[in-house]
Amino acid sequence: MSNIVLLGPPGAGKGTQAERLAEELGRLHLSTGDLFREEITRDSPLGRQVRGYLDRGELVPDRLVVAMVRERLTGDLDQEFIFDGFPRTLEQAVRLDKMAEIDAVIHIAVSETEVVRRLSARRVCQGCGRTYNVLLAPPQEEGCCDVCGGKLYRRSDDAPEVIVHRYAVYQEESRPVIEFYRERGLLAEVDGDRPVDTVFQAIKAAVNRVEMI
Ligand code: AP5
């Protein structure tokens with residue numbers, strides 16, 4: 001099975017690109033952030049455990065993340081995945097290695113200034129989860145999803161001070177993960193500070209390049 005990992009700071013466009021890539025390549029999009037938000041919305045025991053971490057922009061403990069991903073993979077053993085936001089620590093990368101075969105890892109690099117600009121303007125549909133940007137990609141009708149008509153909301157961790165903290169956490173935790181995949185010859189760097197379509201083409205080219213090695 002061939003799986004792809006998208007790494008990058010908050011706001012790099014992992015979710016945006018993973019959704020497109022999953023559709024184009026016929027793979028499943030697995031976002032640990034989305035899975036946690038679903039648990040929080042359902043007010044499940046896991047949701048109650050992780051809510052504080054997400055609100056503060058802290059990483060959820062590895063054991064909870066890994067258990068959730070393992071359960072998700074077990075439910076779809078014959079599927080190929082685009083991992084978005086996982087792994088985020090060296091421990092998670094090592095554990096993922098034992099659960100699934102990874103073919104390509106794309107690191108989408110974006111500056112802190114751009115991250116703050118994008119996330120301050122991000123809005124998400126309560127109904128279908130589609131992401132908008134009120135400055136760069138607004139919905140046709142203010143506050144309303146183009147696809148399902150759902151209400152748009154701002155994520156609790158998209159407050160300016162939490163965005164800056166999330167970026168710092170990412171810089172600290174991601175370095176060993178990037179090195180882990182670089183040493184295995186699986187890593188490709190993509191400049192994410194460009195329009196969505198340009199980044200998408202660059203990711204597809206990088207996936208092909210790494211998968212051919
Ligand atoms: P998660 O939901 O994964 O958040 P994140 O990694 O901080 O990433 P984002 O979802 O904020 O950004 P993105 O890169 O997906 O960008 P997007 O496409 O939305 O995780 C949330 C929290 O869950 C974490 O803080 C942690 O608490 C917990 N968690 C999750 N996974 C975990 C793990 N493995 N271990 C421990 N804890 C974990 O785009 C952002 C905005 O920019 C949008 O408005 C979009 O329209 C716009 N945009 C996208 N691309 C472009 C572009 N090229 N040009 C202009 N605008 C663009």
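The shell of residues around the ligand is made up of 15 nonpolar, 11 polar and 10 charged residues. Here Ala, Val, Leu, Ile, Met, Phe, Trp, Tyr, Cys and Pro are counted as nonpolar, Asp, Glu, Lys and Arg as charged, and the others, Gly among them, as polar. The model is predicted, so local features are given only at pLDDT of at least 70 and side-chain atom pairs only at pLDDT 80 or more, while totals for chains, interfaces and linings use all residues. Residues are numbered from 1 along each chain as its sequence is written, and side-chain values use heavy atoms, with hydrogens and water left out.

In total, 36 residues surround the ligand, and the closest are Thr16, Glu58, Arg88, Arg122 and Arg166. A polar side-chain atom of arginine 88 is 2.6 Å from an oxygen atom of the ligand. For asparagine 133, the distance from a polar side-chain atom to a ligand oxygen atom is 3.2 Å, and for arginine 118 a polar side-chain atom lies 3.3 Å from a ligand nitrogen atom. Taken alone, the ligand exposes 1,000 Å², and the protein buries 95% of that; accessible areas come from the Shrake-Rupley method with a 1.4 Å probe, and for residues only the protein chains shown count as cover.

Which elements give two or more residues to this shell? They are helix H1 (14-25), helix H2 (32-42), helix H3 (45-56), helix H6 (112-120) and strand S6 (131-133). Helices (H or I, at least four residues) and strands (E, at least two) are DSSP runs, numbered from the N terminus. H2 gives the most to the shell, with 4 residues.

H2 also has a buried side. Its buried residues are Thr32, Gly33, Leu35, Phe36, Arg37, Glu39 and Ile40, where buried means under 20% relative accessible area, exposed over 50%, and partly exposed in between (1.4 Å probe, protein chains only). The cover over these residues includes strand S2 (28-31), H3, H4, S3 and strand S7 (152-153). Glutamate 39 counts as buried because its relative accessibility is 16%. Its side chain makes a polar contact of 2.5 Å with the side chain of serine 44. Beyond its neighbours within four places in sequence, glutamate 39 is in contact (heavy atoms within 4.5 Å) with Ser44, Leu46 and Gly47.

H2 is followed by aspartate 43, which is found in the loop between H2 and H3. The phi of aspartate 43 is near 55°, a positive value in a residue other than glycine. Most residues other than glycine have a negative phi, and most peptide bonds are trans. Aspartate 43 counts as partly exposed because its relative accessibility is 41%.

A cis peptide bond runs from phenylalanine 86 to proline 87, with omega near 5°. Proline 87 has its place in the loop between S3 and H5. Glutamine 92, in helix H5, is in contact with both Phe86 and Pro87, and also with Val60, Asp62, Val65 and Val66, leaving aside its neighbours within four places in sequence. Glutamine 92 counts as buried because its relative accessibility is 2%. A polar atom of its side chain lies 2.8 Å from the backbone nitrogen of arginine 88.

Aspartate 62 lies in helix H4 (residues 62-74). Is aspartate 62 buried or exposed, or partly exposed? At 24% relative accessibility, aspartate 62 counts as partly exposed. A polar contact of 3.0 Å joins its side chain to that of threonine 89. Aspartate 62 and glutamate 91 are 29 residues apart in sequence, with their C-alpha atoms 7.1 Å apart in space.

The last topic is the nonpolar cores, sets of buried Ala, Val, Leu, Ile, Met, Phe, Trp, Tyr and Cys residues joined through side-chain atoms within 4.5 Å. The largest has 30 residues, and those with the most contacts inside it are Leu7, Phe36, Val50, Phe83, Leu96, Val105 and Tyr181. Among the elements that each supply at least two residues of this core are strand S1 (3-7), H2, strand S4 (102-109) and helix H7 (160-183). A second, separate core of 24 residues includes Ala18, Ile82, Ala104 and Phe200.

Technical notes:
Near = heavy atom within 4 Å. Polar contact = N/O pair within 3.5 Å; in protein donor to acceptor, adjacent residues only side chain to side chain.
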